[in-house]
Amino acid sequence: MHHSNAVNRLNRLPIARFHKITLLAVSFAYFFEFADINTFATTAPQLVDLWGITVDQVAYVTSLSFVGMFIGSVVASTIADRWGRKNALIYTTLCFGVFSLASAFSWDIVSMGVFRVLTSAGLAAMTVVAVIYVNEVYPAAVRGKYQAYAIVIGICGTPATNLIASAVVPLTDWSWRLVYLWGSLGLLFVFFTRHLKESPRWHESRGEYGAADAILTEIEAQVALEKGPLPEAPPPIDEARPAKASPRLLLKKKYLGPTVLLAVVWVTQTIGFFGYSSWAPTLLAKEGFSVEKSVFYVALTTVGAPLGSLLAALVTDRFERKWCLVAFGTVIALCGLLYGLTFNPILIVVFGFLVNFFERGYTALGYAYSPELFDTQSRSLGTGVSYGLGRLSNAAGPLIIAGLYHRTGYQSVFLFIAATWILGAVALAIFGPRTRPARTAAAERPRAVV
């Protein structure tokens, strides 16, 4: 067999039980990724009191966590290419679950920092693999929508964690550890593994056409049994099997532009969002709000996150993703700035809600947009490196924010955050490629029932 025609065979499938089970599994992994990512932010105000740590020490732990995310993102691209998308998704999800569990047993800020770096590596690695996996197994015409649906479910982990933290952190001097135990429940992902299929496109990229065809035939049989006869797939386009990807591949003109653009997008998103979400509880506490109130206010704002992902699901395949990202980024900048200009509790919750609403929509759009700028050969590497560079940038972000807070005050932090969002929106508006025409063409190819 010289070609398994994976792209065309997958693109012409109707959404069936196979896709829904895959969505549930990916959503579960996302849920605990989002649940775990803010655990340190929600417990940091309590640790400041219990361990006597400073805002600068919180900044160092947060910064090192993003170094871990960079390492995890780059390693994930290698694992996903070498061992497969399914195996990589399993390994990375178990990785962050194990180290989140270890965080519950931290005894000082150093041990906490080590465990959070390792947890963060697993979190970022899982995200990169999940983005690639969804891109490769769902039909092109709807993959953005299902990527967003996964985040709609997954993002509920953020308000869940914040509400749990607001309830348990103030109880005793040790109850903050329960927040990390909660984050470690991602380990239960192992129960989904037998329901997942390896990406046929990954097998095809390695020249393993027989393995790809076997998986495609199994998927097609399941879908046909449920939905009836399937349309005939358009014939494959013969092309040479791509060589093994190396980091130097991204220096080629074809890939360098998308990599740089996406690095800017993820740098501004990372600093812009995590500068807000990681610091909001601590800065509110420093400005005179009690630990209980600061955590509770932030918990209320994160309720907007799933709704923002749902909005993304409604627009992502209907409009050009590039312009949706530009619009969402601009609104986030405005709402984040207004958040920083008020100390009224109601307005804090309102503008914080809007930041979470549009930012999670932005993230869902970005997850769908990023892998579309690369072909199969470069998708894992390009997505991992650009996403990883974004996360690495926030190694400096918390230090910048801590410096701004000490030198020029609370509101300057939110001016800085707004500026990063505007930069990302401008870069996308000027340099962002359009991807909707290619998706539309894939959906409109002639079909015949067989």
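Colleague: Leaving aside its neighbours within four places in sequence, which residues is Thr127 in contact with?
Modeller: This is a predicted model, in which local features need pLDDT of at least 70, side-chain atom pairs count only at pLDDT 80 or more, and totals for chains, interfaces and linings use all residues. Residues are numbered from 1 along each chain as its sequence is written, and side-chain values use heavy atoms, with hydrogens and water left out. Contact means heavy atoms within 4.5 Å. With neighbours up to four places away in sequence set aside, the contacts of Thr127 are Tyr30, Glu33, Tyr367 and Tyr387.

Colleague: Thanks! Is Thr127 buried or exposed?
Modeller: Thr127 sits in helix α6, residues 109-137; a helix here is a DSSP run of H or I with at least four residues, numbered from the N terminus. Buried means under 20% relative accessible area, exposed over 50%, and partly exposed in between, with a 1.4 Å probe and protein chains only. Thr127 has a relative accessible area of 1%, so this residue is buried.

Colleague: Ala124 lies in helix α6 too. Which residues is Ala124 in contact with, leaving aside its neighbours within four places in sequence?
Modeller: Ala124 is buried, with a relative accessible area of 2%. Beyond its sequence neighbours within four places, Ala124 is in contact with Met69, Ser73 and Tyr387.

Colleague: And Asn135, which residues does it touch, not counting residues up to four places away in sequence?
Modeller: Asn135 is another residue found in helix α6. Asn135 is buried, with a relative accessible area of 3%. Residues up to four places away apart, Asn135 touches Arg143, Arg201, Pro371, Glu372 and Arg379.

Colleague: Let's turn to α11. Why do its buried residues line one face of the helix?
Modeller: Helix α11 covers residues 209-227 and reaches 26 Å from first C-alpha to last, close to the 27 Å expected at 1.5 Å a residue; the expected span is 1.5 Å times one less than the number of residues. Its buried residues are Tyr209, Ala212, Ile215, Leu216, Ile219, Glu220 and Val223. The arc is taken from the directions from the helix axis to the C-beta atoms. Seen down the axis of α11, the buried residues line one face because they fall within an arc of 135°.

Colleague: Which helices do the buried residues of α11 pack against?
Modeller: Just after α11 comes Gly228, with a positive phi of about 95°. The packing partners of the buried residues of α11 are α1 (6-11), α2 (17-37) and α10 (200-205).

Colleague: What is the phi of Asn5 near?
Modeller: Asn5 lies in the segment before α1, and is buried with a relative accessible area of 10%. Most residues other than glycine have a negative phi. Asn5 is a residue other than glycine with a positive value, near 60°.

Colleague: One last one: what share of the 450 residues in the protein do buried residues make up?
Modeller: The protein has 21 helices and zero strands, a strand being a DSSP run of E with at least two residues. Among contacts with a separation of 6 or more, 87% join residues 24 or more positions apart. As for the buried residues, their share of the 450 is 62%.
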